[in-house]
Amino acid sequence: MIKTEQLNENSYCVGKIDDRDVPFHRLILKKGTTYNSYLLKTNKPTVIDTVDMMFGKAYIDNLSELINLEDIKYIVINHTEPDHSGALGSLAMRAKDATIVCTEPAVYELKEMYRLQNRNFLVVKDGDKLDIGGKTLLFKITPYLHTKETMITYCIEDKTLFSCDIFSTHVAVKDYFNDTCGFDITEDFISYYNAIMKPHRSYVRIMLDSIKDLDIKMICPSHGFIIRKDVDKFIKIYDDLSQTKNNNKKVVIVYTTIRQNTKKIAEMFKDLISNNNIEVLLFNADKDSSDEIIKAIENSDCTLFGTSTRYGDMVGNMEVLLKLLQNKDLKGILAGAFGSFGWSGEGIELIQEYLNKTNMTVLNTSSIIKSTGMNDVEFPVRIRFSIGDEEADKIRRAAYYIVDLLLS
């Protein structure tokens, strides 16, 4: 069912209610879900997000009853996944002059997904504003909630946050608003957080800091209930669930290095992880006692192993140490490989092979994609030569992933 609901003056929810058992991220949503799209009928009419592609025709037909699609000036896409952007191709064909508003990483994805190579895009950065004729939109970049290109949109005059996947619920609502639906949505709200946002705890903290100064009177997410009562309560739930609790987690980082590049990676991992109240022990396998390192590994919750690569091999005592671990019982300990290289980086892959022979839980890109949908976290972490901005971001994403696993 397509349902239209007025939010504020000249603002409407025009989404799709999907009351099936919905397949979603390898889950079955027994309560169904909604795909919430929003229309702001200002002097420069603006659509914020669309619906799942399978409901594109019904969505376009409904939207056409509210506005001449050719009058639409902006289409804001907070997130490129097809449950948000799925009807963009159909809408763009009819809203021929509309500018598509999104983050820089989203441009390529939207062009390729919907053949929009010749359309006009407006790339926004964190804190950018857009006058849509009677209302002003403020954009906040929220990467990895839950993919790299994601942002959220705040309407300043209406004090309304269009929050994308954040603050959503998976329920095929009969009444969109949390204060008139007839029951407490808190359980469904928390269930959604645990299923979708929990693996991204570190980025939830960043998002909460980003919106703390906004005066939010209504939250309009991409799925489920629109929150207009107890807004602060639901924001606080995210705050509470994403807090770093007291913990006894321990991480060990062991490395060997040639020109200090791998050492710098190890130190960056140490700083990022320890900032979350996790104890981190750092060892140089060429200088510290193997017995001391092995004892620390056996008592750790996660151990990272790093090496430089020279002539297609690991360097220093790393291989000796890895051989000593082969017959140890290390079940339940997370393990990951990292390192710097100049040509092929075989040493890093050799660490991975050794780790796969242990009974440790070895981090790898394939399992991360399958379990979280995150395709921006890579293990092993491979840094060519030294750490630049892109390389630092890669290390940061990997460190946050480890922290979120340990604290979940």
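**Figure 1. Asp240 and Lys236 pair within helix α7.** Asp240 is partly exposed, with a relative accessible area of 36%. The model shown here and in every view below is predicted. The side chain of Asp240 meets that of Lys236 in a salt bridge, at 3.0 Å from N to O. Lys236 is also partly exposed, at 48% relative accessible area. Side chains of opposite charge can pair when their charged atoms come close.

**Figure 2. A salt bridge links Asp239 to Arg205.** The closest N and O atoms of this pair are 2.5 Å apart. Asp239 belongs to helix α7 (residues 231-242), and Arg205 to helix α6 (residues 201-211). The pair therefore ties together parts that are 34 residues apart in sequence. Are these two residues buried, partly exposed or exposed? Asp239 has 25% relative accessibility and counts as partly exposed. Arg205 is partly exposed too, with a relative accessible area of 27%.

**Figure 3. Glu298 meets Lys328 in a salt bridge.** Their side chains come together at 4.0 Å, N to O. Glu298 lies in helix α9 (residues 290-298). Lys328 lies in the loop between α10 (318-325) and β20 (334-341). The contact therefore joins parts that are 30 residues apart in sequence. Glu298 is partly exposed, with a relative accessible area of 38%. Lys328 is partly exposed as well, at 32%.

**Figure 4. Lys159, Asp215 and Lys217 form a network.** Salt bridges link these three residues. Across the structure, the count of salt bridges comes to 18. Among them are Asp239 with Arg205, Asp240 with Lys236, and Glu298 with Lys328.

**Figure 5. Ile219 is buried in strand β16.** This strand covers residues 218-221. How accessible is Ile219? Its relative accessibility is 0%, so Ile219 counts as buried. Which residues does Ile219 touch, leaving aside those up to four places away in sequence? They are Leu161, Ser163, Phe167, Ile226, Ile227, Val231 and Ile235. Phe24 gives a reference point elsewhere in the chain: Ile219 and Phe24 are 195 residues apart in sequence. In space, their C-alpha atoms are 23 Å apart.

**Figure 6. Seven strands form an open sheet.** Their order is β1-β2-β7-β8-β9-β10-β11, and the pairing is mixed. Which strands stand at the edges? They are β1 (5-8) and β11 (121-123). Each has a single partner strand, so one side of each is left without a neighbour in the sheet. On average, neighbouring strands of this sheet are turned by 25° against each other, direction ignored.

**Figure 7. Strands β7 and β8 run antiparallel.** Strands of a sheet pair through backbone hydrogen bonds, either parallel or antiparallel. Here, β7 covers residues 38-40 and β8 covers residues 46-48.

**Figure 8. An annotated stretch spans residues 251-406.** An unreviewed UniProt entry annotates these residues as "domain: Flavodoxin-like". Over this stretch, the chain is 44% helix and 19% strand. How far apart are the end C-alpha atoms of residues 251-406? They are 9 Å apart.

Methods: Residues are numbered from 1 along each chain as its sequence is written. This is a predicted model: local features need pLDDT of at least 70, side-chain atom pairs count only at pLDDT 80 or more; totals for chains, interfaces and linings use all residues. Side-chain values use heavy atoms; hydrogens and water are left out. UniProt positions are given in the numbering used here, feature names are shortened, and annotations may be inferred rather than shown by experiment. Helices (H or I, at least four residues) and strands (E, at least two) are DSSP runs, numbered from the N terminus. Buried means under 20% relative accessible area, exposed over 50%, partly exposed in between (1.4 Å probe, protein chains only). Contact means heavy atoms within 4.5 Å. Two strands pair if DSSP finds at least two bridges between them. Axes are lines fitted to C-alpha atoms, for helices over the stretch in contact, and angles run from 0 to 180 degrees between N-to-C directions.
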